[in-house]
Amino acid sequence: MTEERLILAGKLRSYISRYGMDDFNEKRLEKVGLSLDILKQHFSDRRDMVKAVLEHERKSFEEIFNEYDFEGWNAIDIMLMVSNEISNRFFDVTPSITITLSKIYPDIFEEHLEKRSDFIYEKIKINIEKGMQQGMYKNDISSEMIARMYIAKLNDIHNPEIYPPEEFSFSTIFNNLIDNVIKSITNEEGRAYYKQRKQLYSVLNFR
(Lines give C-alpha, C1' and ligand atoms only; values in the text may rest on other atoms or scores of the structure.)
Protein backbone atom coordinates (compact mmCIF):
# COMPACT_ATOMS: atom_id res chain seq x y z
CA MET A 1 0.00 0.00 0.00
CA THR A 2 1.41 3.38 -1.04
CA GLU A 3 1.70 6.20 1.50
CA GLU A 4 -1.02 8.18 -0.27
CA ARG A 5 -3.44 5.25 -0.30
CA LEU A 6 -2.67 4.59 3.38
CA ILE A 7 -3.58 8.17 4.28
CA LEU A 8 -6.78 7.97 2.24
CA ALA A 9 -7.69 4.68 3.92
CA GLY A 10 -7.37 6.38 7.30
CA LYS A 11 -9.74 9.14 6.21
CA LEU A 12 -12.11 6.59 4.74
CA ARG A 13 -12.17 4.74 8.04
CA SER A 14 -13.09 7.96 9.82
CA TYR A 15 -15.96 8.39 7.38
CA ILE A 16 -17.22 4.82 7.88
CA SER A 17 -17.05 5.20 11.67
CA ARG A 18 -19.33 8.25 11.46
CA TYR A 19 -21.67 7.47 8.60
CA GLY A 20 -21.28 3.82 7.59
CA MET A 21 -20.92 2.55 4.01
CA ASP A 22 -24.48 2.79 2.77
CA ASP A 23 -24.08 6.22 1.24
CA PHE A 24 -21.05 8.26 0.25
CA ASN A 25 -22.31 11.81 0.54
CA GLU A 26 -20.14 14.55 -0.97
CA LYS A 27 -20.68 17.00 1.89
CA ARG A 28 -19.94 14.35 4.48
CA LEU A 29 -16.86 13.21 2.59
CA GLU A 30 -15.52 16.76 2.64
CA LYS A 31 -15.59 16.71 6.45
CA VAL A 32 -12.93 13.97 6.50
CA GLY A 33 -10.91 15.36 3.59
CA LEU A 34 -12.32 13.13 0.85
CA SER A 35 -14.49 13.48 -2.25
CA LEU A 36 -16.28 11.16 -4.65
CA ASP A 37 -13.65 11.89 -7.32
CA ILE A 38 -10.83 10.93 -4.95
CA LEU A 39 -12.55 7.66 -4.05
CA LYS A 40 -13.04 6.79 -7.74
CA GLN A 41 -9.40 7.59 -8.54
CA HIS A 42 -7.88 5.47 -5.79
CA PHE A 43 -10.35 2.65 -5.10
CA SER A 44 -11.83 0.31 -7.68
CA ASP A 45 -14.97 -0.53 -5.68
CA ARG A 46 -16.31 -0.93 -2.14
CA ARG A 47 -14.49 -4.23 -1.65
CA ASP A 48 -11.26 -2.44 -2.43
CA MET A 49 -12.16 0.26 0.10
CA VAL A 50 -12.79 -2.30 2.84
CA LYS A 51 -9.48 -4.05 2.09
CA ALA A 52 -7.68 -0.70 2.34
CA VAL A 53 -9.38 0.24 5.62
CA LEU A 54 -8.49 -3.08 7.25
CA GLU A 55 -4.95 -2.96 5.91
CA HIS A 56 -4.62 0.53 7.38
CA GLU A 57 -5.58 -0.91 10.77
CA ARG A 58 -2.93 -3.64 10.53
CA LYS A 59 -0.26 -1.18 9.40
CA SER A 60 -1.06 1.17 12.27
CA PHE A 61 -0.61 -1.70 14.71
CA GLU A 62 2.64 -2.89 13.14
CA GLU A 63 4.08 0.64 13.16
CA ILE A 64 4.24 0.53 16.95
CA PHE A 65 6.79 -2.27 16.79
CA ASN A 66 8.69 -0.56 13.97
CA GLU A 67 8.91 2.78 15.79
CA TYR A 68 10.20 1.37 19.08
CA ASP A 69 13.43 -0.56 19.44
CA PHE A 70 12.53 -3.02 22.18
CA GLU A 71 16.00 -4.56 22.29
CA GLY A 72 17.11 -4.78 25.91
CA TRP A 73 13.68 -3.87 27.29
CA ASN A 74 12.00 -5.75 30.10
CA ALA A 75 9.23 -7.96 28.66
CA ILE A 76 6.63 -6.40 30.97
CA ASP A 77 7.58 -2.88 29.89
CA ILE A 78 7.15 -3.93 26.27
CA MET A 79 3.63 -5.20 26.99
CA LEU A 80 2.75 -1.98 28.82
CA MET A 81 4.18 0.27 26.11
CA VAL A 82 2.41 -1.61 23.32
CA SER A 83 -0.85 -1.55 25.28
CA ASN A 84 -0.52 2.19 25.86
CA GLU A 85 0.26 2.96 22.22
CA ILE A 86 -2.57 0.82 20.87
CA SER A 87 -5.06 2.42 23.26
CA ASN A 88 -3.94 5.91 22.24
CA ARG A 89 -3.87 5.31 18.50
CA PHE A 90 -7.08 3.33 18.32
CA PHE A 91 -9.06 5.60 20.64
CA ASP A 92 -11.68 6.30 17.98
CA VAL A 93 -11.96 2.69 16.83
CA THR A 94 -15.05 0.94 18.16
CA PRO A 95 -15.88 -2.74 17.65
CA SER A 96 -19.08 -1.73 15.85
CA ILE A 97 -17.03 -0.44 12.89
CA THR A 98 -15.29 -3.76 12.38
CA ILE A 99 -18.52 -5.67 12.95
CA THR A 100 -20.16 -3.65 10.17
CA LEU A 101 -17.36 -4.47 7.74
CA SER A 102 -17.33 -8.14 8.73
CA LYS A 103 -21.03 -8.45 7.92
CA ILE A 104 -20.72 -6.78 4.54
CA TYR A 105 -17.59 -8.62 3.37
CA PRO A 106 -16.96 -11.62 5.67
CA ASP A 107 -14.30 -13.11 3.39
CA ILE A 108 -12.19 -9.93 3.47
CA PHE A 109 -12.64 -9.66 7.21
CA GLU A 110 -11.53 -13.26 7.79
CA GLU A 111 -8.41 -12.68 5.72
CA HIS A 112 -7.72 -9.55 7.77
CA LEU A 113 -8.11 -11.44 11.05
CA GLU A 114 -5.78 -14.19 9.86
CA LYS A 115 -3.03 -11.75 8.88
CA ARG A 116 -3.41 -9.77 12.08
CA SER A 117 -3.42 -12.93 14.20
CA ASP A 118 -0.24 -14.25 12.55
CA PHE A 119 1.59 -11.01 13.32
CA ILE A 120 0.36 -10.81 16.92
CA TYR A 121 1.08 -14.49 17.54
CA GLU A 122 4.76 -14.09 16.71
CA LYS A 123 5.13 -10.93 18.82
CA ILE A 124 3.41 -12.39 21.88
CA LYS A 125 5.38 -15.64 21.59
CA ILE A 126 8.66 -13.70 21.50
CA ASN A 127 7.57 -11.61 24.50
CA ILE A 128 6.64 -14.68 26.56
CA GLU A 129 9.99 -16.32 25.88
CA LYS A 130 11.85 -13.09 26.70
CA GLY A 131 9.95 -12.73 29.98
CA MET A 132 10.78 -16.30 30.97
CA GLN A 133 14.47 -15.73 30.23
CA GLN A 134 14.42 -12.53 32.29
CA GLY A 135 12.86 -14.33 35.25
CA MET A 136 9.66 -12.25 35.16
CA TYR A 137 7.28 -14.88 33.78
CA LYS A 138 6.48 -18.34 35.09
CA ASN A 139 8.86 -20.95 33.72
CA ASP A 140 6.21 -23.62 33.25
CA ILE A 141 4.00 -21.82 30.72
CA SER A 142 3.75 -22.43 26.99
CA SER A 143 4.48 -19.41 24.80
CA GLU A 144 2.46 -20.97 21.97
CA MET A 145 -0.59 -21.60 24.15
CA ILE A 146 -0.52 -18.12 25.76
CA ALA A 147 -0.16 -16.47 22.35
CA ARG A 148 -3.17 -18.40 20.99
CA MET A 149 -5.24 -17.58 24.08
CA TYR A 150 -4.34 -13.91 23.74
CA ILE A 151 -5.47 -13.84 20.10
CA ALA A 152 -8.76 -15.55 20.97
CA LYS A 153 -9.47 -12.96 23.67
CA LEU A 154 -8.47 -10.13 21.33
CA ASN A 155 -10.90 -11.38 18.71
CA ASP A 156 -13.65 -11.44 21.35
CA ILE A 157 -13.42 -7.63 21.45
CA HIS A 158 -15.35 -7.63 18.18
CA ASN A 159 -18.17 -9.75 19.58
CA PRO A 160 -21.08 -7.41 20.47
CA GLU A 161 -22.73 -10.09 22.59
CA ILE A 162 -19.70 -10.16 24.89
CA TYR A 163 -18.80 -6.47 24.73
CA PRO A 164 -21.69 -4.26 23.58
CA PRO A 165 -19.99 -1.30 21.82
CA GLU A 166 -22.32 1.20 23.45
CA GLU A 167 -21.13 0.05 26.91
CA PHE A 168 -17.42 -0.66 26.45
CA SER A 169 -14.73 1.35 24.70
CA PHE A 170 -11.91 -0.34 22.80
CA SER A 171 -9.39 1.19 25.19
CA THR A 172 -11.11 -0.17 28.31
CA ILE A 173 -11.47 -3.69 26.91
CA PHE A 174 -7.94 -3.85 25.55
CA ASN A 175 -6.28 -2.54 28.72
CA ASN A 176 -8.18 -5.08 30.81
CA LEU A 177 -7.12 -7.81 28.40
CA ILE A 178 -3.44 -6.89 28.79
CA ASP A 179 -3.82 -6.65 32.57
CA ASN A 180 -5.32 -10.14 32.81
CA VAL A 181 -2.73 -11.67 30.52
CA ILE A 182 0.23 -10.21 32.42
CA LYS A 183 -1.19 -11.22 35.81
CA SER A 184 -1.70 -14.79 34.58
CA ILE A 185 1.85 -15.30 33.30
CA THR A 186 4.03 -13.41 35.80
CA ASN A 187 5.74 -14.99 38.79
CA GLU A 188 6.01 -13.24 42.16
CA GLU A 189 8.90 -11.04 41.05
CA GLY A 190 7.16 -10.20 37.79
CA ARG A 191 3.90 -9.28 39.50
CA ALA A 192 5.72 -6.92 41.87
CA TYR A 193 7.53 -5.30 38.94
CA TYR A 194 4.29 -5.05 36.94
CA LYS A 195 2.45 -3.36 39.81
CA GLN A 196 5.23 -0.78 40.14
CA ARG A 197 5.51 -0.08 36.42
CA LYS A 198 1.74 0.02 35.90
CA GLN A 199 1.48 2.79 38.50
CA LEU A 200 4.26 4.72 36.77
CA TYR A 201 2.59 4.40 33.35
CA SER A 202 -0.71 5.56 34.86
CA VAL A 203 0.95 8.73 36.17
CA LEU A 204 2.77 9.40 32.89
CA ASN A 205 -0.45 9.00 30.91
CA PHE A 206 -2.64 11.02 33.25
CA ARG A 207 -4.50 13.76 31.42
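What is the relative accessible area of Tyr 163, and is this residue buried or partly exposed?

Analyst: Tyr 163 has a relative accessible area of 26%. Buried would require a value under 20% and exposed one over 50%, so at 26% Tyr 163 is partly exposed. The model is predicted, and every value here is computed from it.

A pair of aromatic rings is described by the distance of the centres and the angle of the planes. The structure holds five aromatic pairs. One of them joins Phe 70 and Trp 73, with 5.0 Å from centre to centre and 85° between the planes, an edge-to-face arrangement. Phe 70 is buried, because its relative accessible area is 12%, whereas Trp 73, at 25%, counts as partly exposed. Tyr 163 pairs with Phe 168: the ring centres are 5.8 Å apart and the planes stand at 85°, so this pair is edge-to-face. The angle that calls for this label is one over 60 degrees. Phe 168 has 31% relative accessibility and therefore counts as partly exposed. Elsewhere, Tyr 15, Tyr 19 and Phe 24 make up one aromatic cluster.

Charged side chains come next. The count of salt bridges in the model is nine. One of them has Lys 115 and Glu 111 as partners, with 3.2 Å from N to O. Both residues belong to helix α7 and are four residues apart, about one turn of the helix. The relative accessible area of Lys 115 is 42%, so this residue is partly exposed. Glu 111 is at 39% and also counts as partly exposed.

Helix α7 holds another such pair, Lys 125 and Glu 129, which again are four residues apart, about one turn of the helix. Their closest N and O atoms are 3.1 Å apart. Lys 125, at a relative accessible area of 19%, is buried, because the limit for that class is under 20%. Glu 129, at 32%, counts as partly exposed.

Lys 125 has a further salt-bridge partner, Glu 144, and here the closest N and O atoms are 4.0 Å apart. This pair links distant parts of the chain, since Lys 125 lies in α7 and Glu 144 in helix α8 (residues 143–156), 19 residues apart. Glu 144 is partly exposed at 35%. Through shared partners, the salt bridges join Lys 125, Glu 129 and Glu 144 into one network.

Helix α7 (residues 106–133) also packs with helix α4 (residues 46–67), the axes being 10 Å apart and at an angle of about 10°. Angles under 35 degrees count as roughly parallel, and α4 and α7 are therefore roughly parallel to each other. On the α4 side, the residues in contact include Arg 47, Val 50, Leu 54, Glu 57, Phe 61 and Phe 65, and on the α7 side they include Asp 107, Ile 108, Phe 109, His 112, Arg 116 and Phe 119. By class, this contact has eight nonpolar, one polar and nine charged residues. Lys 115, the salt-bridge partner of Glu 111, is one of the α7 residues that meet α4.

Note on methods: Residues are numbered from 1 along each chain as its sequence is written. This is a predicted model: local features need pLDDT of at least 70, side-chain atom pairs count only at pLDDT 80 or more; totals for chains, interfaces and linings use all residues. Side-chain values use heavy atoms; hydrogens and water are left out. Axes are lines fitted to C-alpha atoms, for helices over the stretch in contact, and angles run from 0 to 180 degrees between N-to-C directions. Helices (H or I, at least four residues) and strands (E, at least two) are DSSP runs, numbered from the N terminus. Angles under 35 degrees count as roughly parallel, over 145 as roughly antiparallel, 65 to 115 as roughly perpendicular and the rest as oblique. Contact means heavy atoms within 4.5 Å. Ala, Val, Leu, Ile, Met, Phe, Trp, Tyr, Cys and Pro count as nonpolar, Asp, Glu, Lys and Arg as charged, and the others, Gly among them, as polar. Buried means under 20% relative accessible area, exposed over 50%, partly exposed in between (1.4 Å probe, protein chains only). Rings of Phe, Tyr and Trp (its six-membered ring) pair if their centres lie within 6.5 Å; planes under 30 degrees apart count as stacked, over 60 as edge-to-face and the rest as tilted.
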